[in-house]
Structure formats: C-alpha cells, structure tokens
Amino acid sequence: MPALVRTILVTIAAAVLAIGALPARAQPFSEGQRGEIERIIKEYLIAHPEVLQDAISELEKRQADAEAIKHREGVKQYSQALFHSPRQVTIGNRQGDVTLVEFFDYNCGYCKRALSDLLNLMKEDPKLRIVLKEFPVLGPGSVEAAQVAVAVRMQDPTGKKYLEFHQKLLGGRGPADRAHALAVAKDIGLDMARIEKDMTGDEAKATLEENMHLAEALGLNGTPSYVIGAEVVVGAVGLAALKEKVGIARQ
C-alpha cells in the first residue's frame, strides 16, 4: 500500500477511534456503534475512491507548503553563512543581482549531469552570482574529494582555478576520491605540497562542517540542491527550470 494512502487510512481510523474517547460529559459510542461508523466509512470510500485521491493531493500540497516554509525560514536564518561565508567558492558575477547556491557531491551522477546546466546558466546570465558548497554525502571517497576541493579553494581566492578543478573532477570518469582529486589538482598546476597539507587541516574540516550544518538546517537530503534567492530547489531540475527560478528571484 502506498505510504500516502496508508497515512490517509490511519488518519481516518484514528478519527473514528477518537469518537469513542469523548470527554466524560459526552456519551461515548458503543462498540456496535463504532463498528457501524467504520462500516459506513469503508463503504463510502469504496463507492467514492476519488475521495482518497483528493485527500492525497491535499496532503501532498500541505506537506509541500510546510516544506517550503521551512526552507524559506532556514534561508533567512542562515543567510550570512549561506551567501557570504568566507569558506565558500564564489564564481560568475561576484556583484550579481541574484545568487544561486549549489550543494553538490563529486560522486553524484545527477550533479555530473547538472554541471552543463550550471555552466550554461553562468555563460548566458552575466548578472548571476554563483556559490559552490561541497556537500559530500555519498561515502568516504566523496569526503576525500571534498577535502581536496577545499584545499584548492584555499590556494585560489579568485575561484578560477577552483572552477577548472571542479569541471575536471565532476566531469571526469570514474569515482572521485583522494587519488583522483589530487591528480586533477596536480594537472591544473597547483602547489601539491600545500594541497596535501591543507586538505587535512582545520580549515577544511570547518568548511565541510559548516556546509553540512547549513544543509541540515535547510532540510537538504540529496544532491544537487540549490538555493536561488529565497527558494530551495532540490534535484537536477534542468536548465530551463533554473532559469525560471532565477527570473522569479530577480523580480
């Protein structure tokens, strides 16, 4: 039985049972009366199954509305760390009128496919400010790759080398891990002694902890996830949808 249908039926059953638990000043229903109420409800739902679909639709809407409120409140509460952390990578137009934040994992297949969307969006929208936050949720290799990425950021305040690293590692084949990430860093000409030192230092640890805390506060549980203006967008929604969300944030 689908989870939502089960939720609806449990709610109905709870309501029926609650009828029998009326305050002391009210006459409770007998077992026979309660059974008759349950029978009437069951027969009605069988005769009108569309009621369940309507109830499911309403439940989904309420859940989505509640989630959107939580997202907006989280963005507002953590806006400084979300949009202006000294530990983040900022690319695109640093003085842009709209900021898009992406939480990503280097081993996320959806993130790999969404990379071209981000690059095209940055190319087509010169007013867009983009913030990249490592969110390694897919295992030890992802954490290792993210640690190297933070070390790259520490060596590159402009974000240009980071973007080159980001494209090569996220767009490359095979799993991302320490060895693969270090090979990419070496390939783009970074100071490898400093990379290996920084990736295990306090700054790398603090950066990833900050990103994880932000993701948890916003209720993010997958990658890629975006914050565009005040709205949270979960999943590789495609270039057109990202453009639409940027346009809404710009209004």
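These legends describe close-up views of a predicted model of one protein chain.

**Figure 1**
The protein chain has 251 residues, and 39% of them are buried. Its accessible surface comes to about 13,700 Å². Carbon and sulfur atoms account for 55% of that surface. Counting contacts between residues at least 6 apart in sequence, 74% join residues that are at least 24 apart.

**Figure 1**

**Figure 2. The hairpin of strand 4 and strand 5.**
Strand 4 (residues 225-228) and strand 5 run antiparallel and are joined by four bridges. Valine 227 stands opposite valine 232 in strand 5, and isoleucine 228 stands opposite glutamate 231 in strand 5. Two residues lie between the strands of this hairpin, and glycine 229 takes a positive phi near 65 degrees.

**Figure 3. Strand 4, its side chains and its pairing with strand 2.**
In a regular strand the side chains alternate between the two faces of the sheet. Which residues of strand 4 point one way, and which the other way? Ser225 and Val227 point one way, Tyr226 and Ile228 point the other way, and all are buried. Strand 4 is also joined to strand 2 by four bridges, and strand 2 and strand 4 run antiparallel. In this pairing, glutamate 102 stands opposite tyrosine 226 in strand 4.

**Figure 4. Helix 6 packed with helix 7.**
Two packed helices are described by the angle between their axes and the distance between the axes. For helix 6 (residues 140-155) and helix 7, the angle is about 160 degrees and the axes are 9 Å apart. Angles over 145 degrees count as roughly antiparallel, and helix 6 and helix 7 are therefore roughly antiparallel to each other. The crossing of these two helices is right-handed. On the helix 6 side, the residues that meet helix 7 are Ala145, Val148, Ala149, Val152 and Arg153. On the helix 7 side, they are Lys161, Tyr162, Phe165 and Leu169.

**Figure 5. Helix 5 packed with helix 7.**
Helix 5 and helix 7 pack at an angle of about 145 degrees, and their axes are 9 Å apart. Helix 5 passes helix 7 in a left-handed crossing. From helix 5, the residues in this meeting are Cys111, Lys112, Leu115, Leu119 and Met122. From helix 7, they are Leu163, His166, Gln167, Leu169, Leu170 and Gly171.

**Figure 6. Histidine 166 and its contacts.**
Histidine 166 is found in helix 7. Is histidine 166 buried or exposed? A residue is buried when its relative accessible area is under 20%; histidine 166 has 1% relative accessibility and so counts as buried. Not counting residues up to four places away in sequence, histidine 166 touches Phe104, Tyr106, Leu115, Leu132 and Gly171.

**Figure 7. Tyrosine 110 in helix 5.**
Helix 5 covers residues 109-124, and tyrosine 110 has its place there. Tyrosine 110 and glycine 222 are 112 residues apart along the chain, and their C-alpha atoms are separated by 9.9 Å. Which residues is tyrosine 110 in contact with, leaving aside its neighbours within four places in sequence? They are Thr223, Pro224 and Ala236.

How values were computed:
Residues numbered from 1 in each chain as written. Predicted model: local features only at pLDDT ≥ 70, side-chain atom pairs only at ≥ 80, totals over all residues. Heavy atoms only, no water. Buried < 20%, exposed > 50% of the residue type's maximum accessible area, 1.4 Å probe, protein only. Contact = heavy atoms within 4.5 Å. Areas by Shrake-Rupley, 256 points an atom, 1.4 Å probe, with all protein chains shown as cover. Pairing = 2+ DSSP bridges. Axes fitted to C-alpha atoms, helices over the stretch in contact; angles between N-to-C directions. Parallel < 35°, antiparallel > 145°, perpendicular 65-115°, else oblique. Left-handed = near helix turned anticlockwise from the far one by under 90°.
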